[in-house]
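Let's walk through this model together, one question at a time. Have the structure open as you read.

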Amino acid sequence: MHLLETDNYKILIDCGLDYEKDHHVQLNENFPFNPADIDVVILTHAHIDHSGNLPTLVRMGFNGQILCTPPTADLTELLLLDSVNIFLRKEHKSRKHNRKRPGSGRQPLYLQKHVMDTVDRFITIGFNRPFRITGDIELTFIPVGHLLGAAAAVLKINDNGTEKSIAFTGDIGRKNYPVLNDPQELPQVDYLVSESTYGGRYHTKDKTIEEVLVETIQRACIKESGRLIIPAFSIGRTQALVFSLNKIFSKGLLPPVKVFVDSPLANISTGVFRKHHSLLNTEAQDFYNRQGDEFEFDNLTYVENLSDSRQVSNYFEPCIIISSAGMLEGGRIQDHLYNNIQNYYCTILFIGYCAKGTLGHRLLRGDPIVHIKDRDLSVYATIQKTDLFSAHGDHDDLVNTVKHQNKARLKNVYLVHGETTSMQAMADELITDGYQVTIPEKNISYEL
């Protein structure tokens, strides 16, 4: 969440939810400004760490428009509604635990009606179409890969007769990601606020997504006749995975294996990918023209309701189960793990990041016993991981985004959205290369 102030205008760029603090509602409510004073919000993309606190902002008095791309508006609505469901589930749980103390159940941060009030404020702007916010401020969204609709926000501001420009990268994607276009280079600016998630870290380069999937499925489902469970975030990851499997099976690289996508949110969000089909990459569009829908194939089933989800557990042929909640916190994946974690013929393939303290993190760490649904279970399933589905650019991608800027004209780079070590690794390389770099502290203001 960044606040950009001009003489008489306040622009908020992104308004993410702090998940670490979701039990401390007041910390997400505690804005370091008055929400009613914000004139406009710019939303770079739909992920909850960028969009998740918008309904709180609206509930607490923000009255302006929210500018974003068309897919971001659609996906954010889905993710915010999902967020409400998560709050309500947590509240229900804490009520069950606190029956003895009336009134101890937590109020959710926001409800469905606040989400709908938020969605009503969305104004959508296409990529690379300069949009005048006021006579003195112009906004352009530049596509950055990462997620359908994700953009960097480039602002040109007339500051008492001088034109100044600042870009906020949002989250930068990587090249050759399934379904998504490569990030577009940013225009020259005076100031750059850049994310640094993967600063100092590099993605594996020695294998392709298809090779890893073919190898894993070959072993788990064909050689061992077992099941492969892939926890995947519903929006973005799941579509990339389904398209990759579609290509593998349609090329005949593997004998047919039944695939279940078990996530209500993935089913609905895949519809958003179909709706904004013209924004998908050339590979996906070509596939569609040659073979039809990228997200449908013969052995693929989208599981609709909970009873069907339970049926999946009784499917005893080899199969692949793609289920929601990437870090395994909540969602239907809990049931699949509960039923399979003690199964020697089961492989669990992690394709995303797992934060410390989550079940996914404990499994990747190699814990022999894990706690699921109030029971301690021994882990007999095979645990594997790949970073090839990460939708974040790595150290080189991030540094190259900055190095595309002419260092004589770029006055400063502000690094945000990363662990201290990541920001430092990125800063070290850029400073060596002659760029001015700042690692800002929270709640510090800079005069541009």
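**Rings, helices and loops**

Q: Which residue lies over the face of Tyr338, and at what distance from the ring centre?
A: This is a predicted model, so please read every value here as computed. The residue over the face of Tyr338 is Lys373. Its distance from the ring centre is 5.1 Å.

Q: How far is the charged end of Lys247 from the centre of the ring of Phe243?
A: Here is another lysine placed over a ring. The charged end of Lys247 sits over Phe243, and its distance from the ring centre is 4.8 Å.

Q: How many aromatic pairs does a search of the whole structure find?
A: A pair of aromatic rings is described by the distance of the centres and the angle of the planes. Searching the whole structure gives a count of eight.

Q: Is the aromatic pair of Phe87 and Tyr110 stacked or edge-to-face?
A: The ring centres of Phe87 and Tyr110 are 5.0 Å apart, and the planes make an angle of 80 degrees. Planes over 60 degrees apart count as edge-to-face. The pair of Phe87 and Tyr110 is therefore edge-to-face.

Q: Which parts of the chain does the pair of Phe87 and Tyr110 tie together?
A: Both Phe87 and Tyr110 are buried. They are 23 residues apart in sequence, so the pair ties together two parts of the chain. Phe87 belongs to helix 4 (residues 70-97), and Tyr110 to the loop between helix 4 and helix 5 (112-119).

Q: How are helix 4 and helix 5 oriented to each other, roughly parallel or roughly antiparallel?
A: The axes of helix 4 and helix 5 are 9 Å apart, and the packing angle is about 165 degrees. The crossing of these two helices is right-handed. Angles over 145 degrees count as roughly antiparallel. For helix 4 and helix 5 the answer is therefore roughly antiparallel.

Q: Which residues make the contact between helix 4 and helix 5?
A: Both helices contribute side by side in the listing. From helix 4 come Glu77, Leu80, Leu81 and Val84. From helix 5 come Gln112, Val115, Met116, Thr118 and Val119.

Q: Is Asn176 buried or exposed?
A: Asn176 sits in the loop between strand 9 (162-168) and strand 10 (191-195). Its phi is near 60 degrees, a positive value in a residue other than glycine. Most residues other than glycine have a negative phi. At 68% relative accessibility, Asn176 is exposed.

Q: What is the phi of Ser225 near?
A: Look in the loop between helix 6 (209-223) and strand 11 (227-231) for Ser225. Its relative accessibility of 46% counts as partly exposed. Phi of Ser225 is positive, near 50 degrees.

Q: Which residues does His336 touch, not counting those up to four places away in sequence?
A: His336 is found in helix 11 (residues 333-340). At 0% relative accessibility, it counts as buried. With those sequence neighbours left out, His336 touches Ile229, Asp262, Ser309, Val312, Ser313, Ile321 and Ser323.

How values were computed
Residues are numbered from 1 along each chain as its sequence is written. This is a predicted model: local features need pLDDT of at least 70, side-chain atom pairs count only at pLDDT 80 or more; totals for chains, interfaces and linings use all residues. Side-chain values use heavy atoms; hydrogens and water are left out. Rings of Phe, Tyr and Trp (its six-membered ring) pair if their centres lie within 6.5 Å; planes under 30 degrees apart count as stacked, over 60 as edge-to-face and the rest as tilted. Helices (H or I, at least four residues) and strands (E, at least two) are DSSP runs, numbered from the N terminus. Buried means under 20% relative accessible area, exposed over 50%, partly exposed in between (1.4 Å probe, protein chains only). A charge sits over a ring if NZ of Lys or CZ of Arg is within 6 Å of the ring centre and within 35 degrees of the ring normal. Axes are lines fitted to C-alpha atoms, for helices over the stretch in contact, and angles run from 0 to 180 degrees between N-to-C directions. Angles under 35 degrees count as roughly parallel, over 145 as roughly antiparallel, 65 to 115 as roughly perpendicular and the rest as oblique. A crossing is left-handed if the near helix is turned anticlockwise from the far one by less than a right angle, and right-handed if clockwise. Contact means heavy atoms within 4.5 Å.
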